[in-house]
Amino acid sequence: MDVIKENFSSFFQENKIRLSVILVSFLLSICGYTIATLRFEGEYIHRHQWITTFADYKKQLRESAYPTTPVLLIAGDSTPLFGVDAKTLSEKLNKPVINYGLGAASGLSTILNETFYSVRSGDEVILIVSDRLLAENSELYLNQALVNILDSEEMTAATWLQQIQSLLFAPWDIILFGFDGADDDSHFMEVYQTQSLGEFGDMNAEVLASNNPPTLPNKITRAYPVSESAIERLNQFKNQLHAKGVKFSLLLSPRMKGYTDRDNYQNVIYANIESLRSAGLTVLTSQNDLPDICFDKKYLYDFDTHLNTSGRDIFTHYIANKLLQQAHKTCCS
């Protein structure tokens with residue numbers, strides 16, 4: 001016992017500076033986490049919290065519109081939110097459709113979790129998210145970084161390495177000092193509100209027509225390879241839905257024309273489709289469909305993946321045709 005005590009004492013003496021740094025860092029992290037939790041608990045009024053507000057609104061929408069009837073949920077980030085006309089799609093398919101598009105800023109897991117909370121047996125989910133959400137990318141969306149450290153369940157379930165990475169790469173300036181409120185009267189605050197949503201969850205055409213967006217950026221998003229972690233998460237989601245009696249498939253998101261006609265861009269997209277299918281996931285988009293999901297600037301609204309009403313009409317008809325083709329194949333097989 002004396003030998004053990006001596007060894008411990010010697011170890012602490014030799015490493016007291018390192019241990020002190022670790023202890024102080026741990027305490028500071030706990031303090032920062034507490035401050036962040038208190039600051040953002042229940043606070044969804046800023047532009048970076050609108051996704052949670054939309055998710056709550058759409059849960060209620062599903063409950064009130066179709067409390068018992070199975071529906072088709074077009075889930076995902078803001079690409080289907082702007083890009084899919086739920087009423088037109090419902091008429092084309094002769095079945096109830098809800099646009100459950102949210103936003104990319106909270107990350108893929110949040111989108112999947114929020115969707116899962118709203119589905120019922122007999123539903124069908126089609127997921128449409130931007131390529132970047134399915135990519136292995138070091139760039140964290142702001143809300144994704146916040147969710148990583150503020151969601152106690154996710155934080156607890158994460159490995160030590162993931163927890164350390166979440167703390168290191170979190171936007172601490174925003175967490176500690178809050179958001180800049182200078183954009184309260186911006187285009188964003190005018191459009192990204194629950195009042196802007198139509199009766200089936202998509203962006204209201206009248207709202208888009210009455211709010212001219214800022215000039216579209218000329219930067220064209222490159223092709224992002226799908227990551228193994230995203231495939232693993234999607235398969236987990238598929239299994240969760242299957243246990244509930246819910247069908248699941250994916251459809252690639254609309255995008256602005258530009259790099260899309262280049263071989264290297266197309267090769268990444270084709271490889272993504274193959275990777276997802278090889279993992280057992282149903283992907284409605286085929287290699288021949290790339291021209292159908294690429295849009296000239298005149299069909300875009302305020303972002304390179306957000307369609308205006310004209311673009312939305314084209315993309316909605318494309319989705320309807322894909323689903324009718326799939327139904328025909330299933331029926332005849």
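These questions and answers walk through a predicted model of a protein.

Reader: What average pLDDT does the protein have?
Author: The model is predicted, and pLDDT gives the predictor's confidence in each residue, from 0 to 100. Of the residues, 69% score at least 70. The average for the protein is a pLDDT of 81.

Reader: Which element has the lowest mean pLDDT, and which the highest?
Author: Over residues 40-47 the pLDDT is below 50, and this stretch has 18 contacts in the model beyond near neighbours in sequence. Among the elements, the lowest mean, 55, belongs to residues 142-150, helix α7. The highest mean, 98, belongs to residues 124-128, strand β3.

Reader: How many helices and strands are there?
Author: The protein has 333 residues, and 45% of them count as buried. Take the contacts with a separation of 6 or more: residues 24 or more positions apart account for 78% of them. The elements number 15 helices and six strands.

Reader: Why does the span of helix α13 agree with its number of residues?
Author: Helix α13 covers residues 228-243, which makes 16 residues. At 1.5 Å a residue, the helix should therefore span 22 Å. Its end C-alpha atoms agree with that, being 23 Å apart.

Reader: What do the buried residues of α13 pack against?
Author: The buried residues of α13 are Ala230, Ile231, Arg233, Leu234, Asn235, Phe237 and Leu241. In an α-helix, residues three or four places apart point the same way, because there are 3.6 residues a turn. The buried residues of α13 pack against α6, β3, β4 and α14.

Reader: Which residue just after α13 takes a positive phi?
Author: Most residues other than glycine have a negative phi. The residue just after α13 is a glycine, with a phi of about 80°. Its name is Gly245.

Reader: Is Asn94 buried or exposed?
Author: Asn94 is found in the loop between α5 and β2. Its phi is near 60°, a positive value in a residue other than glycine. The cut-off for exposed is over 50% relative accessible area. Asn94 has 72%, so Asn94 is exposed.

Reader: Is Ile111 buried or exposed?
Author: Ile111 is found in helix α6. Leaving aside neighbours within four places in sequence, Ile111 is in contact with residues including Gly76, Asp77, Leu127 and Leu133. Buried means under 20% relative accessible area. Ile111 has 1%, so Ile111 is buried.

Reader: What distance separates the C-alpha atoms of Ile111 and Tyr100?
Author: Along the chain, Ile111 and Tyr100 are 11 residues apart. In the model, their C-alpha atoms are separated by 9.4 Å.

Reader: What distance separates the C-alpha atoms of Asp292 and Ile319?
Author: Asp292 sits in the loop between α14 and β6. With a relative accessible area of 37%, Asp292 is partly exposed. Asp292 and Ile319 are 27 residues apart along the chain. Their C-alpha atoms are separated by 9.9 Å.

Reader: What volume does the largest cavity have?
Author: A probe the size of a water molecule, rolled over the atoms, shows where empty space is left. The structure holds one cavity of 30 Å³ or more. The largest cavity has a volume of about 50 Å³.

Reader: How do the residues lining the largest cavity divide?
Author: The lining consists of Asp131, Leu134, Tyr224, Val226, Leu252, Asn272 and Leu276. Asp counts as charged, while Leu, Tyr and Val count as nonpolar. The lining divides into five nonpolar, one polar and one charged.

Methods:
Residues are numbered from 1 along each chain as its sequence is written. This is a predicted model: local features need pLDDT of at least 70, side-chain atom pairs count only at pLDDT 80 or more; totals for chains, interfaces and linings use all residues. Side-chain values use heavy atoms; hydrogens and water are left out. Helices (H or I, at least four residues) and strands (E, at least two) are DSSP runs, numbered from the N terminus. Contact means heavy atoms within 4.5 Å. On a 1 Å grid over the protein atoms alone, a cavity is a set of points where a 1.4 Å probe fits but cannot get out, and a pocket is an open set with protein on both sides within 12 Å along at least five of seven lines; lining residues have an atom within 4 Å of a point. Grid points are joined across faces, edges and corners, and a volume is the space filled by probe spheres set on the points. The expected span of a helix is 1.5 Å times one less than its number of residues. Buried means under 20% relative accessible area, exposed over 50%, partly exposed in between (1.4 Å probe, protein chains only).
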